[in-house]
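Me: I am new to this structure and would like to learn how to read its features one at a time. Could you walk me through some?
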Amino acid sequence: MENNKLQMQVHPQGYVQSLVMKDDPYHMNWVIDNEYLKQASFNESDKLFGEFTITIDGETINSADNYPQMTTKQQRILVTYELLQKVEVKFDYDLSINDQLNWNISLYNLTTEDIKINNFGVWLSLAYVMFRDKNVVKNIHESAAVYPSISRDFTKINAVRRDNQSGNLGIYQTAGQTLSVGTYAAYNNLFFENVSPSLDGMLFHQLILAGGYDDHFENNDWIYDKSPISIKPNTSIDWHYVITKNNSKQEFYKKASEVGQPTISYQPLNIVHRPSYLTLNGHTHELVAVTTYAGEAGKQKAKLQFQQQLPNQYQVSFKPTILGEHKIVFDFSDGTQDSVVLNVMNPLNEVIDKRVKYISENLYQGKDGETPYASTPISNQGESLGKLSLVLKKNLMGILDKEQVRQVEASAVNYVRPKWFNNGNFKRPNKLYGDFYRCMDFEYIAHLFLLLSDFDEETLLLNSAKDYLQWAADVFMLRVNPDFHETERGKEEARMLGVYFLYIQDLLKKLKRHGLTDYYEKINDLWQQVTYKIDENRTTYQAAITEHYFDNAGFGPTAGALSEAGFKDGARTYGQLLLANIGYSNDFRVQNPDRWWEALAYMIHSLWGGVTAAATFKVYEVLKNPAYLQASYRATAAIMYCYDTNSVTTDKLDEGMAASTYAVAGPHLNRPDLSRNRFGQSTFYSDGGIFAKLFNSANETPDWDMGEELVAYLDGIGQRTYLVHQNNQWSVINGTYEQQENQINVISFAPYQKEFWLIDETGTKQLTGSTLSKNHLFDINK
């Protein structure tokens, strides 16, 4: 059946087998296709759109085990299940209104007694698929990232097509209560088969309408409800969702208002005792109260004052005094309720200082350690060296602690060099992965050596700064020169872009300055060749493939590198993939770059999330489009959550600890115990498979591949604060403000502040030169 915009098919088994936008040039199927599951040998056909799991008075039933009754009426299909002669489950798909699909879900109690529904989860299996297909444009035009904004009465979800240009699918709750959105991952990984690309898979999303967890399940996530529901005799409970196309983030929220939802803006990252601002457009809803919940179990409750600015438009301002997550609840006169989740942290320079101290005092093994001079957890992957680079970067930008630097120097000389290189020979890498090595490892090593070369001879003990610069150049050549490798994998990976886009300009400038002309010319030539070729072939998107069939570890560095090299068209082309990759939501933890593999759930991944945020910032710097700056900062706020030891909704981390992964989903349907929790990937060791090959036990510390992303942050937005004037309103990116008559006091959150900038309708301009001041007084009348 169809209307003017949408066309859908429902399978006789009751699930939606296709949902297509009629004007879509790519004919994308917006739901996971059972034919693709069969073709790719996945066995999750019980999780298709419209399938469900329900627990009635303690008895669990899967819809896939039951055949429904189906009724078709012109532009309407009714799918009805009668279960245990107790409950009728009905799905009503209605296309009679132009431009949209109206989806009604109801549970009807057929008995004369109350019925308890312990759990009711309906699969909303949108096309969140990484296709097993080297034709990367299929992943770009026919796959979507899914960003939920979970609210008791006003849940909204945007499925954002990965090209960010061909239309997205928005889902808006207009009746009933949605408790959460869970995910289940199905995937195939051939990493150890020496195959590249080696990973594909998908996430199945599930609307949680009751319960979501086993009866005795407990975690620290107090923000989202896990309650069962009860249905009175001969009555029903109903949910209603409007599904319709949108073309942008702005249109997604505009359509939310058109179906009667409020819209709220907020600051995702807040610093304790600094002003925080929220604005609400209630549209048809009159605000009557605003309440903040924070602290352990959300027990710290306070009423917030609000000001009405226009009819049903309000501003809330407060100075948080409690660290950790805050749920801000907006109550309306009609009894409905909306909410946002924001975070409150200590000043970020303190967070970084404590992190570096923890690495130095707790993770560094020293001369007599089990693995001498290494920092735990031990890993063969170069990513694990990012924590050492963070120690060096903090000591370059903050207060110098020579002992911390010398620990890293000892590790670089006595652990890193002999481990990754045969007898320390930079032209003979060790095969640390059985019969192969990873070129990607070398870019982290080169960065480590480059940062060491920034210290003076008084601080360094084992070699000169110029020695370390030459080491960096040698390792970098191995990373980027295909001629240095004998295997096809080595040659292929050498041509791939990676995190080295973060520091290549620094490396080139330093080689030139120190007279290492031969290195400079060869590396610069290789850099120009690879970026020119990728820019020339930008419309094929080949750099979006890495070890995975489609991955922000490919298109993130590509966009960043093309920006660094000055290729604006290429930066714009790949930059669109970044805008689609960074979420927007009423919960700051959903605003991270989209990734799923390390957590088997939609996740925050500290390293690749941070690298993606840094790449997005570089695209902003070359294109000056504020959408990239805003996206980069949303992502950064989520990444900082991995370093937040004051979180009250996850497992506790000791001061200075960090966790590489946060599973956004709740419930996490592969591993319910990881729902909305932080952990390291080694926790999957007990699940076997590839994880048992990657890790030695399930108890390794959770921060093995962290640090590089904070170095990237400190080199970029971590030194800058932006005052924004838009639609006659003021806001600040990477900070906050206080208005004092005709002046605005801009307060920076940057840990090592250097520059203040202004963005308004005339463009972007720098307000200050290099400054250590945390504040800037801006005169509105200038």
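Me: Where does Pro377 lie?

Reply: Pro377 lies in the loop between α4 (348-363) and α5. Keep in mind that this is a predicted model.

Me: What kind of peptide bond joins Thr376 and Pro377?

Reply: Start with the general idea: most peptide bonds are trans. Here, though, Thr376 and Pro377 are joined by a cis peptide bond, with omega at about -5°. There is also a cis bond between Gly666 and Pro667, where omega is about 5°. Pro667 sits in the loop between β28 (661-663) and β29 (678-679).

Me: And how do I read phi?

Reply: Most residues other than glycine have a negative phi. Asp57 has a positive value, near 50°, and is not a glycine. Its place is the loop between β3 and β4 (59-62). His283 is another non-glycine residue with a positive phi, about 55°, and His283 belongs to the loop between β20 (276-281) and β21 (287-294).

Me: Are Asp57 and His283 buried, exposed or partly exposed?

Reply: Asp57 has 40% relative accessibility, so it counts as partly exposed. His283 is partly exposed too, with a relative accessible area of 25%.

Me: How many aromatic pairs does the structure hold?

Reply: There are 45 aromatic pairs. A pair of rings is described by the distance of the centres and the angle of the planes. Take Tyr36 and Phe131: their ring centres are 5.1 Å apart and their planes meet at 80°, so this pair is edge-to-face. Tyr36 belongs to helix α1 (residues 34-39) and Phe131 to the loop between β10 (129-130) and α2 (136-141), so the pair ties together parts 95 residues apart in sequence. Tyr36 and Phe131 are both buried.

Me: Where does a charged end sit over a ring?

Reply: The charged end of Arg162 sits over the ring of Tyr128, 5.0 Å from the ring's centre. For Lys624, the ring is that of Tyr620, and the distance to the centre is 5.8 Å.

Me: Finally, how do α5 and α17 pack?

Reply: Helix α5 (residues 386-397) and helix α17 (residues 708-715) pack at an angle of about 30°, and their axes are 7 Å apart. Angles under 35 degrees count as roughly parallel, so α5 is roughly parallel to α17. From α5, the contact uses Gly386, Ser389, Leu390, Lys393 and Met397; from α17, it uses Glu708, Leu710, Val711, Leu714 and Asp715. Sorted by class, the contact has 5 nonpolar, 2 polar and 3 charged residues.

Key: Residues numbered from 1 in each chain as written. Predicted model: local features only at pLDDT ≥ 70, side-chain atom pairs only at ≥ 80, totals over all residues. Heavy atoms only, no water. Phe/Tyr/Trp six-rings, centres within 6.5 Å; stacked < 30°, edge-to-face > 60°. Helix = DSSP H or I, 4+ residues; strand = E, 2+ residues; numbered from the N terminus. Buried < 20%, exposed > 50% of the residue type's maximum accessible area, 1.4 Å probe, protein only. Lys NZ or Arg CZ within 6 Å of the ring centre and 35° of its normal. Axes fitted to C-alpha atoms, helices over the stretch in contact; angles between N-to-C directions. Parallel < 35°, antiparallel > 145°, perpendicular 65-115°, else oblique. Contact = heavy atoms within 4.5 Å. Nonpolar A, V, L, I, M, F, W, Y, C, P; charged D, E, K, R; others polar.
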